[in-house]
Amino acid sequence: MVPRGAYEFLDTKETRAHLIEQYDNFLFDCDGVLWSGPTVLPGVVSFFRKLRERGKRILFVSNNASKSRRTLLERINAMGIDGREDEVFSSAYATAAYLKDVLRFPTDRKAYVVGMNGLEDELDANGIQYIGGTDEQDCQGLDGLDFSPLASKDALDPSVAAVVCGIDTKFSYRKLAKAFRYITRPGAEGEVRAGEQNGGCHFVCTNEDVTFPSSEGLFPGAGAVWKGIQVSSGRDPIVVGKPHQPMIDTIFARFAFDKSRTLMVGDRLDTDIAFGQRGGIDTLLVLTGISTLEHVHASDAAAVPTYVVNGLCDLDTALS
């Protein structure tokens with residue numbers, strides 16, 4: 001592996017082709033790598049076809065918690081890229097799997113969701129009950145500073161034992177306040193038990209990306225949503241998605257990849273590249289998304305990639 005602080009810019013056809021030859025397993029971020037907004041990036045469809053022809057293993061590893069694996073796969077396929085559901089790892093899927101398999105979340109308890117349909121779909125698929133989320137009432141704000149709807153006896157469900165947060169384009173003060181009250185109630189930092197009410201309450205977040213890339217520019221991401229809950233409550237969440245350990249553990253528990261033959265491809269130093277480094281695999285930064293060479297060269301860079309390339313189109317043209 002290339003030492004931290006050094007990277008190789010792949011600026012010739014030969015170095016790009018050699019990169020493809022030396023790895024068997026490719027982990028791809030999606031936004032800013034495969035597409036930008038509604039548009040597939042140049043060379044991506046052809047490049048993936050060539051990877052498949054060479055027998056390469058492909059995983060799609062996304063921090064986009066607004067989409068379930070099924071919905072994300074539909075988008076991948078709609079872009080002209082072949083893929084299967086078992087090749088898709090969204091932070092929504094990883095979060096639901098973490099609750100079920102690692103935290104052993106009791107089947108008779110509920111999660112309070114600050115998030116969208118994709119997160120709800122994955123909780124459903126894992127047999128986890130939930131409230132909040134896309135519920136119309138929770139998406140509404142309050143009438144001025146009238147807190148009575150949040151202070152009433154029936155405002156909170158005592159069966160809730162986890163607050164689960166992802167990106168939420170219908171985020172409201174009502175959701176913020178309910179999440180705050182669940183994770184600060186008496187005993188909230190204690191153990192979550194089946195057959196009980198109130199007591200322990202997990203605080204789990206899908207990912208910490210504070211911005212979300214789109215074809216119209218950057219907008220606030222999941223990290224911007226849950227930071228307010230974190231700061232007001234004084235509780236730090238378990239963060240599942242890239243670059244954190246739960247996502248890494250989920251992938252390498254599922255696939256027996258040789259790490260020396262595995263490459264993480266992404267557009268963000270703080271999530272994708274840091275994720276690869278923490279997982280002990282080489283990394284490739286593409287300059288079609290968030291991070292730039294200025295970010296790489298900065299003294300406080302979140303991580304430094306093994307390789308840098310302008311975009312996947314450069315790798316596509318390197319393969320005959």
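Reply:

**The annotated sites and the domain contact**

The unreviewed UniProt entry places the feature "binding site" at Asp 29, Asp 31 and Asp 267. The structure shown here is a predicted model. In that model these three residues cluster in space, with a largest C-alpha distance of 8.2 Å, although they are spread over 239 residues of sequence. Asp 29, Asp 31 and Asp 267 also belong to the lining of the largest cavity.

The same feature name, "binding site", is listed by UniProt, again in an unreviewed entry, for Ser 62, Asn 63, Asn 64 and Lys 242. These residues span 181 residues in sequence, yet no two of their C-alpha atoms are more than 10.3 Å apart, so they gather at one spot. The lining of the largest cavity includes Ser 62, Asn 63, Asn 64 and Lys 242.

The protein is divided into domain 1, made up of 8-63 + 243-319, and domain 2, which covers 96-239. Their C-alpha centres lie 31 Å apart. The contact between them draws eleven residues from domain 1 and twelve residues from domain 2.

Together, domain 1 and domain 2 bury about 970 Å², and 55% of this area is on carbon and sulfur atoms. Within the share that domain 1 buries against domain 2, Asn 63, His 244 and Arg 268 supply 42%, more than any other three residues.

Across the interface of domain 1 and domain 2, one salt bridge is found. Four residue pairs are in polar contact between the two domains. On the side of domain 1 that touches domain 2, the residues divide into four nonpolar, five polar and two charged.

Definitions and conventions: Residues numbered from 1 in each chain as written. Predicted model: local features only at pLDDT ≥ 70, side-chain atom pairs only at ≥ 80, totals over all residues. Heavy atoms only, no water. Domains from an automatic or database assignment. Contact = heavy atoms within 4.5 Å. Buried area = accessible area lost by both parts, 1.4 Å probe. Salt bridge = Lys/Arg side-chain N within 4 Å of Asp/Glu carboxyl O. Polar contact = N/O pair within 3.5 Å; in protein donor to acceptor, adjacent residues only side chain to side chain. Nonpolar A, V, L, I, M, F, W, Y, C, P; charged D, E, K, R; others polar. UniProt positions renumbered as here; feature names shortened; annotations may be inferred. 1 Å grid on protein atoms, 1.4 Å probe; cavity = no way out; pocket = protein on both sides within 12 Å on 5 of 7 lines; lining within 4 Å.
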